[in-house]
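Have a look at the structure first, then read on.

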Amino acid sequence: MNDQAGQIPGTVAQALLSANYLTVLTGAGVSAESGVPTFRGKEGLWRKHNPMELATPEAFERDPKLVWEWYVYRRGLMGNVHPNPAHEAIAELETLYPKFLLITQNVDNLHRRAGSKELVELHGNIFRVRCSRCERKLDELPDLNELPPKCECGAYLRPDVVWFGEALPREAIDRAFQASVECDCMLVVGTSAVVQPAASLPIMAKKGGAFVAEINYEPTPLSDLVDVSILGKAGELMSRLLDATSKRRNG
Ligand code: BV8
Ligand code: ZN
């Protein structure tokens with residue numbers, strides 16, 4: 001069911017007021033208003049490369065230096081932007097529910113910076129680095145004069161993100177699956193709902209009996225499958241959704 005752009009339907013406000021276990025699934029659209037290019041939007045291209053080509057183990061195998069240059073560019077971009085009202089509203093929503101989980105596909109660290117704590121990063125985090133061979137993980141980047149950087153074991157270091165064709169971190173996806181089937185309300189914010197297995201989580205939530213609302217700038221393959229699809233910008237709509245739960249906030 002679709003709804004007119006920008007309004008918060010009473011069914012959504014009611015579901016948010018009565019929910020005990022709220023999950024939020026986010027994609028690149030939630031960071032768009034912070035100035036982070038979305039994955040499939042036209043602004044997502046870099047030196048004419050399509051992110052879909054670069055975010056793969058094959059691209060890293062073929063040209064690790066080029067892939068590292070793309071990630072250094074994105075780290076720089078993401079390091080210079082700030083959480084927007086959508087991230088802030090989601091961090092505030094977390095404090096209103098006895099059970100809450102934020103499941104993000106984003107690697108930009110903006111939800112953590114906005115204060116979200118109960119968070120699963122399905123596709124990793126661009127500010128973490130790991131070895132492409134041994135188990136070593138680093139929070140700090142070694143100096144990037146020489147790209148790609150190497151691990152002490154001699155293998156290349158790589159961004160600690162999940163590339164296309166790679167399995168998601170077991171613990172992350174198990175936690176996301178479990179929360180999706182157990183929650184009684186799920187908000188799906190700013191995702192084109194094409195990347196699997198993330199795009200299946202709202203369907204799992206629906207099957208588990210949850211009320212599922214989509215907040216997105218444009219319709220997606222989910223729009224006709226969820227209870228309500230609200231078209232508009234995440235920053236404004238998430239702030240309105242937070243207000244719609246204000247009664248809950250005031251106890
Ligand atoms: C796996 C990290 C198996 C890297 C990312 C055929 C059919 C089905 C599946 C597949 C298939 N072929 C291959 C697959 C699997 C593949 C997949 O799903 N491909 C798709 C494209 C068809 N999936 C995988 O490979 C996954 N792994 O399946 O493993 C396996 C199992 C065992 C052993 C081995 C393997 C791994 C997927 C993870 C890929 N990594 N990112 C990096 O970032 O560098 S995914 C990447 O896309 C980002 O994380 C991004 O978040 C994510 C999803 O995209 P969105 O977030 O939705 O962003 P997008 O730009 O698409 O859309 C933005 C939306 O926001 C738009 O709708 C727009 O309208 C809206 N918007 C914009 N502005 C606003 C807004 N909304 C509100 N307000 C605004 N202001
Ligand atoms: Zn190593």
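## Two ligand sites

With angles of 104 to 123° among its four donor atoms, the zinc ion (ligand 2) sits in a tetrahedral site. Keep in mind that this is a predicted model. For reference, the ideal angle for four tetrahedral donors is 109.5 degrees.

So who's holding the zinc ion (ligand 2)? The protein donors are the SG atoms of Cys-131, Cys-134, Cys-151 and Cys-153, lying 2.3 Å from the ion. Along the chain, these donors of ligand 2 follow the spacing C-x2-C-x16-C-x1-C.

Cys-134, with a relative accessible area of 25%, is partly exposed.

Now for ligand 1. It's surrounded by 35 residues, and the closest are Arg-40, Tyr-71, Arg-74, Gly-165 and Ser-192. By class, that shell has 16 nonpolar, 13 polar and six charged residues.

| Residue | Protein atom | Distance to an oxygen atom of ligand 1 |
|---|---|---|
| Gln-105 | polar backbone atom | 2.7 Å |
| Ser-192 | side-chain N or O atom | 2.6 Å |
| Gln-196 | polar backbone atom | 2.7 Å |

Taken alone, ligand 1 exposes 1500 Å², and the protein buries 73% of that.

Methods:
Residues are numbered from 1 along each chain as its sequence is written. Chains are lettered from A and ligands numbered from 1 in the order in which they are written. This is a predicted model: local features need pLDDT of at least 70, side-chain atom pairs count only at pLDDT 80 or more; totals for chains, interfaces and linings use all residues. Side-chain values use heavy atoms; hydrogens and water are left out. Donors are N, O and S atoms within 2.8 Å of the metal (3.2 Å for Na, K and Ca); water is not among the atoms, so sites may look incomplete. Four donors count as tetrahedral if all angles lie between 85 and 135 degrees; four count as square planar and six as octahedral if opposite donors are over 155 degrees apart and all others between 65 and 115; anything else is irregular. Buried means under 20% relative accessible area, exposed over 50%, partly exposed in between (1.4 Å probe, protein chains only). A residue is near a molecule or strand if one of its heavy atoms lies within 4 Å of it. A polar contact is a pair of N or O atoms within 3.5 Å; within protein, one must be able to donate a hydrogen and the other to accept it, and residues adjacent in sequence count only if both atoms are side-chain atoms. Accessible areas come from the Shrake-Rupley method with a 1.4 Å probe; for residues, only the protein chains shown count as cover. Ala, Val, Leu, Ile, Met, Phe, Trp, Tyr, Cys and Pro count as nonpolar, Asp, Glu, Lys and Arg as charged, and the others, Gly among them, as polar.
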